[in-house]
Amino acid sequence: MTNQGNSSTTSINLAGKKGLVIGIANDQSIAYGCAKAMHALGAELAITYLNEHSEPFVRPLAEQFGSPLILPCDVEKPGQLEAVFAAIKKQWRQLDFALHAIAYAPKEDLHGRVIDCSAAGFARAMDVSCHSFIRMARLAEPLMGQGGALLTLSYYGAQKVIDHYNIMGPVKAALESVMRQMAVELGPQGIRVHALSPGPILTRAASGIEHFDELLEQVAQHSPQHHLVSIDDVGAVAAGVVSDWSLHMTGNVVFVDGGCHVLG
C-alpha cells in the first residue's frame, strides 16, 4: 500500500515520482499541459508519441522535461503499448502515475448520427478511446506495488447530449464507467483511478468535432465563470490528483470546466 501519511501541511510535490504521459500531439495538447505541470512539481516523465509523423512535434517537448524515455505508442499497433511498459520496467522498475489522453473515432462516424454509426467505427472508437485505458491499467498494476494513480480524459458529453459530439458521447460514458470499476478493483492495492473532464479546449483532437468554435463561444458566454479553461488549468488539477494530497480520492470524474457541468 502507498504511504498514507498526512500531507496536508506540505505543498504539492511530485519529486521522486515517475509518471507516464500518453497522448501529447503538440504544445496545445491537454496532455502537454498536464506533463508540464507534473514536471514543474518534480516528476520524472516517460512521454510517448503516436508515430513518425508526430515525433518531430512531441520529441522536443519531451526533451524540455529531460524525459529519459521518449517512445512510440500507437495503441492500435500490436505490442507498442506493451513495449512502453517494458521500457519503463527496465528503466525505473516502478511507476507512480499514468495519464491516458487519447481518443479517436473515424470521421464518417464522428460526424454522423449515433444510430448511423458503423459497427466497425464504433468498435474502433471504443478500442482506442476506452479499452486502451483498461490495457494501460493492467500493464501499470505490477509496477505500482507502492500504490499510484491512473488518469484518463473524459468530457461532459459522456453525461449529457452535446451537439455534434455524437458517437464520442457513448464512448466517453463507457470510459467513465470503466474508470469507476477500475477504482474498485485497484483500490486495495492503493491505486487510485480518475477521469478528468475538462471544458472545451481547442486542441488538435477537438478540431475534428463539427462546429466546435460555436461550442467554445457558448461556454465562454454561459459558464458560471464566463471563461474557457486552458491546458494549464487542467494540468494543475492533474498534478494535484496524482500527488499525495489526493491519497484518499478515487473513482471520481473531476470537472475542470468553469462550472459548466452544473448547468441544465
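1. Let's start with Arg113, which forms a salt bridge with Asp116, their closest N and O atoms being 2.7 Å apart. (A salt bridge here is a side-chain nitrogen of Lys or Arg within 4 Å of a carboxyl oxygen of Asp or Glu.) Arg113 is exposed at 52% relative accessible area, and Asp116 is partly exposed at 48%. (Buried means under 20% relative accessible area, exposed over 50%, partly exposed in between, with a 1.4 Å probe and protein chains only.)

2. Keep in mind that this is a predicted model: local features need pLDDT of at least 70, side-chain atom pairs count only at pLDDT 80 or more, and totals for chains, interfaces and linings use all residues. Residues are numbered from 1 along each chain as its sequence is written, and side-chain values use heavy atoms, leaving out hydrogens and water.

3. The count of salt bridges comes to seven. Another one joins Glu76 and Arg124, at 2.8 Å from N to O. Glu76 sits in the loop between β3 (69-72) and α3 (80-91) while Arg124 is in helix α5, so this pair ties together parts that are 48 residues apart in sequence. (Helices, H or I of at least four residues, and strands, E of at least two, are DSSP runs numbered from the N terminus.)

4. Within helix α2 (residues 55-64), Glu55 and Arg59 are four residues apart, about one turn of the helix. Their side chains meet in a salt bridge too, 2.8 Å from N to O.

5. Now for α5 itself: it has a kink of about 45°, centred on Asp127. (The bend at a residue is the angle between axes fitted to the seven residues ending there and the seven starting there.) Its buried residues include Val128, Phe133 and Met136.
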